[in-house]
Amino acid sequence: MQTLEMNGARLIHGDALAALDTLAPETVDALITDPPYSSGGMFRGDRVQDTGDKYLNTGARHSAPSWPGDTRDQRAYGLWCERWLGASYRALKWGGVVAVFCDWRQLPTVSDAIQVAGFVLRGILVWDKTEGTRPVKGWHRQQSEFVLTASKGPRNKAGADAPVLPRVVRCAPRTGEKLHQVGKPVPLMREVLRLAPEGGTVLDPFMGSAATGVAALEDGREFVGVEIDAHYFGVAAERLRKLGEVA
Ligand SMILES: C[S@@+](CC[C@H](N)C(=O)[O-])C[C@H]1O[C@@H](n2cnc3c(N)ncnc32)[C@H](O)[C@@H]1O
């Protein structure tokens with residue numbers, strides 16, 4: 001496992017489960033992550049589908065390569081989520097917060113896994129991707145994804161000046177540079193990260209191009225990120241290195 005340290009970030013190139021086991025217990029303030037969704041993994045065809053074919057609109061041009069780990073059927077996905085959420089639980093401080101992205105198909109599985117791992121489920125944040133998203137004739141537009149929120153034990157008491165956070169975040173998927181096939185916009189991640197304590201350490205075991213990392217560092221937090229794919233590990237490292245040059 002390769003580890004890089006830069007500008008308040010620690011980046012680990014390797015499998016999330018192996019990497020999470022190396023983290024010292026009770027050292028992280030927030031788990032904010034966008035794991036592979038393994039969406040629609042009921043049929044073998046879904047599980048072997050290339051992520052570009054699966055998640056990009058027909059005809060969408062994209063230079064970012066496909067990525068691994070999106071291959072599990074429903075039951076295996078639940079078991080796997082329980083494992084990495086359990087390993088993350090050990091790394092989180094008491095009172096630490098959790099935000100996990102998922103789509104509508106995986107909501108029940110991920111909310112179960114969060115609780116099996118020991119966290120207290122807190123709610124669902126809606127990411128409104130705007131009307132620019134895929135229309136479905138006679139049905140609802142594919143306009144939303146979800147972020148399940150949780151905490152390790154009771155939440156830390158909010159100060160009198162703590163903000164009230166919106167439960168719906170409206171943000172178009174393609175704002176700025178798109179460095180990953182399913183990369184999240186940094187403004188969206190900054191909004192999600194408002195859950196994390198100021199100056200705290202944010203963990204993302206599936207960092208991809210490190211949108212979570214950029215949002216964390218830009219707002220004065222520390223970041224620990226893990227990525228299994230060599231291409232995306234390089235993209236994340238370069239992105240966070242450049243951030244240090246600008247600062
Ligand atoms: C949905 S993408 C994350 C995209 C990220 N939020 C961004 O904005 O770029 C999930 C990432 O998890 C990585 N991944 C898949 N399996 C993994 C594993 N076992 N350990 C660590 N990373 C993994 C994939 O390579 C992919 O880049």
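Trainee: Where does Gln143 sit?
Mentor: Gln143 is in the loop between strand S5 (120-128) and strand S6 (144-151). Keep in mind that this is a predicted model.

Trainee: Which side chain does the side chain of Gln143 make a polar contact with?
Mentor: That of Glu131, at 3.3 Å.

Trainee: And what else does Gln143 touch?
Mentor: Leaving out residues up to four places away in sequence, Gln143 touches Trp127, Asp128, Lys129, Thr130, Glu131, Thr133 and Arg170.

Trainee: Back to the two strands. Do S5 and S6 run parallel or antiparallel?
Mentor: Antiparallel, with eight bridges joining S5 to S6.

Trainee: What about S5 and S7, parallel or antiparallel?
Mentor: Those two run parallel, and three bridges join them. Val126 turns up here too: Val168 in S7 stands opposite Val126.

Trainee: New topic. Where is Lys152?
Mentor: In the loop between S6 and strand S7 (168-170).

Trainee: Is Lys152 buried or exposed, and why?
Mentor: Lys152 counts as buried because its relative accessibility is 3%. The cut-off for buried is under 20%.

Trainee: What does the side chain of Lys152 reach?
Mentor: The backbone oxygen of Tyr89, at 2.7 Å. The side chain of Lys152 also has a polar contact of 3.1 Å with the side chain of Glu26.

Trainee: Which residues does Lys152 touch?
Mentor: Among them are Glu26, Tyr89, Arg90, Leu92, Trp94, Gly96 and Phe119.

Trainee: Let's follow Gly96, then. Which strand is it in?
Mentor: Gly96 lies in strand S4, residues 92-102.

Trainee: Buried or exposed? Why is Gly96 classed that way?
Mentor: Gly96 has 4% relative accessibility, so it counts as buried.

Trainee: What does Gly96 touch?
Mentor: Asp29, Ala150, Ser151 and Lys152, again not counting residues up to four places away in sequence.

Trainee: How many Å separate the C-alpha atoms of Gly96 and Asp161?
Mentor: 19 Å, and the two residues are 65 apart along the chain.

Trainee: Okay, helices. Which residues of H5 are buried?
Mentor: Helix H5 covers residues 107-116. Its buried residues are Leu107, Thr109, Val110, Ser111, Ala113 and Ile114.

Trainee: What covers the buried residues of H5?
Mentor: The cover includes helix H4 (74-91), along with S4, S5 and S6.

Trainee: And which residue with a positive phi follows H5?
Mentor: Gly118, with phi near 115°.

Trainee: Now the start of the chain. How many bridges pair S1 and S2?
Mentor: Five, in the antiparallel sense, and strand S1 is residues 2-6. Leu4 faces Leu11 in S2.

Trainee: How many residues lie between the strands in the hairpin of S1 and S2?
Mentor: Two. In that hairpin, Asn7 takes a positive phi near 45°.

Trainee: Where is His13?
Mentor: In strand S2, residues 9-13.

Trainee: What are the contacts of His13? Which residues does it touch?
Mentor: Met1, Gln2, Glu227, Ile228, Asp229, Ala230 and Phe233, not counting residues up to four places away in sequence. The side chain of His13 reaches the backbone oxygen of Ile228 at 3.3 Å.

Trainee: His13 and Phe233 are 220 residues apart along the chain. What separates their C-alpha atoms?
Mentor: 6.3 Å.

Trainee: Last topic, the ligand. How many residues surround it?
Mentor: 21, and the closest are Asp15, Ala16, Asp34, Ser209 and Glu227. By class, the shell has 11 nonpolar, five polar and five charged residues.

Trainee: How much of the ligand does the protein bury?
Mentor: 98% of the 610 Å² that the ligand exposes when taken alone.

Conventions
Residues numbered from 1 in each chain as written. Predicted model: local features only at pLDDT ≥ 70, side-chain atom pairs only at ≥ 80, totals over all residues. Heavy atoms only, no water. Near = heavy atom within 4 Å. Areas by Shrake-Rupley, 256 points an atom, 1.4 Å probe, with all protein chains shown as cover. Nonpolar A, V, L, I, M, F, W, Y, C, P; charged D, E, K, R; others polar. Helix = DSSP H or I, 4+ residues; strand = E, 2+ residues; numbered from the N terminus. Buried < 20%, exposed > 50% of the residue type's maximum accessible area, 1.4 Å probe, protein only. Contact = heavy atoms within 4.5 Å. Polar contact = N/O pair within 3.5 Å; in protein donor to acceptor, adjacent residues only side chain to side chain. Pairing = 2+ DSSP bridges.
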